[in-house]
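Reader: Please take a close look at one loop for me. Then place it in the whole chain.

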Amino acid sequence: MKNNFTHNTKSYAFERHPATEQRSLQAWNAADELILEHFDSLEKAESNVSIYNDRFGFLTCLLHEFSPNIILNFTSQQKSIVQNLAANQLSDDTVSFVEPFSNLDQNINIAVLKIPKSMDLFRAQLMQIVKSLNENSTVLCGFMTRHFTSQMLEIAGEFFTNVEQSKASKKSRVLILSDVKPHQEQNIINLISYKDRIFQQYFGVFSSNNIDYASQFFVENWKIEKDIKKVLDLASGNGF
């Protein structure tokens with residue numbers, strides 16, 4: 001089901017991927033709208049823009065004129081964004097899709113970010129962002145108020161001197177971050193010990209500090225014949 005949104009007198013149509021007929025499930029929420037409102041208030045002359053956690057391409061389409069970097073978390077995310085760009089007669093040639101934790105090639109003037117549920121992932125994404133900011137850069141971090149945790153402010157404060165929280169609008173808020181603090185390169189991989197072996201995973205992956213009990217139980221109790229040549233692993237998380 002497609003939903004329409006109007007910005008600066010132009011109408012846009014968005015659809016989730018996979019498609020759904022549930023009217024309550026649309027391709028953006030109030031946090032996206034509030035990010036856009038604050039973005040419109042910034043000085044944007046010749047801005048380099050990067051977008052994080054834009055699940056279905058709402059922010060990508062609305063900020064298309066800035067040829068943004070889109071940092072991807074899912075393969076399906078890129079497909080959703082490309083579909084919604086095409087649906088709105090926007091070219092995907094002018095946006096750059098970037099793998100998670102890849103270094104960005106250019107300085108970022110403005111970064112917009114939907115704060116993820118994982119605070120480890122939020123920290124890891126800010127680690128990446130600050131490496132490409134200049135002294136006048138701004139980072140806009142949107143979230144629904146029901147998901148607020150004081151950790152958001154603590155983590156933002158690790159990287160930025162100025163951490164401002166907007167007024168609530170439609171049960172959403174935006175953190176406005178500026179004035180990057182001096183920082184050292186930090187490791188964004190957890191090392192997990194299990195039965196004399198070390199496993200590694202990036203911040204933000206489920207069960208970040210240990211092998212979850214369900215996976216342990218599964219591995220210790222499965223029975224796979226030795227002549228089996230192919231195994232399909234669904235929802236593999238860190239690949240343990």
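Author: Start with the terms: helices (H or I, at least four residues) and strands (E, at least two) are DSSP runs, numbered from the N terminus. The loop to look at lies between S8 and S9, and Lys-171 sits there. The model is predicted, so local features need pLDDT of at least 70 and side-chain atom pairs count only at pLDDT 80 or more, while totals for chains, interfaces and linings use all residues. Residues are numbered from 1 along each chain as its sequence is written, and side-chain values use heavy atoms, without hydrogens or water.

Back to Lys-171. Its phi is near 65°. That is a positive value in a residue other than glycine. Lys-171 has a relative accessible area of 65%, so it is exposed. The cut-offs are these: buried is under 20% relative accessible area, exposed is over 50%, and partly exposed is in between (1.4 Å probe, protein chains only).

Ser-169 belongs to the loop between strand S8 (160-165) and strand S9 (172-180). Its relative accessibility is 27%, so Ser-169 counts as partly exposed. Ser-169 is in contact with Ala-30 and Leu-34, leaving aside neighbours within four places in sequence. Contact here means heavy atoms within 4.5 Å. Now compare sequence and space. Ser-169 and Ser-193 are 24 residues apart in sequence. From C-alpha to C-alpha, they are 44 Å apart in space.

Another loop also holds a positive phi. Lys-195 lies between strand S10 (189-194) and strand S11 (197-202). Its phi is near 50°, again in a residue other than glycine. At 57% relative accessibility, Lys-195 counts as exposed.

The peptide bond from His-17 to Pro-18 is cis, with omega near 0°. Pro-18 lies between S2 and helix H1 (30-40).

Next, a strand residue. Thr-138 is in strand S7 (residues 133-144). With a relative accessible area of 13%, Thr-138 is buried. Beyond four places in sequence, Thr-138 touches Leu-42, Asn-109, Ile-110, Ala-111, Ile-176 and Leu-177.

Now the aromatic rings. The structure holds 11 aromatic pairs. Rings of Phe, Tyr and Trp (its six-membered ring) pair if their centres lie within 6.5 Å; planes under 30 degrees apart count as stacked, over 60 as edge-to-face, and the rest as tilted. Tyr-12 and Phe-14 have ring centres 6.3 Å apart and planes at 15°, so this pair is stacked. Phe-14 also pairs with Phe-58, and that pair is tilted, with 5.2 Å between centres and 50° between planes. Phe-14 is in strand S2 (residues 10-15) and Phe-58 in helix H2 (residues 58-62), so the pair ties together parts 44 residues apart in sequence. Both Phe-14 and Phe-58 are buried. Tyr-12 is buried too. Ring pairs link Phe-5, Tyr-12, Phe-14, Trp-28 and Phe-58 into a cluster.

Last, the whole chain. The protein chain has six helices and 11 strands. Of its 240 residues, 43% count as buried. Among contacts between residues at least 6 apart in sequence, 63% join residues at least 24 apart. The C-alpha atoms fill a box of roughly 65 × 45 × 35 Å along the principal axes.
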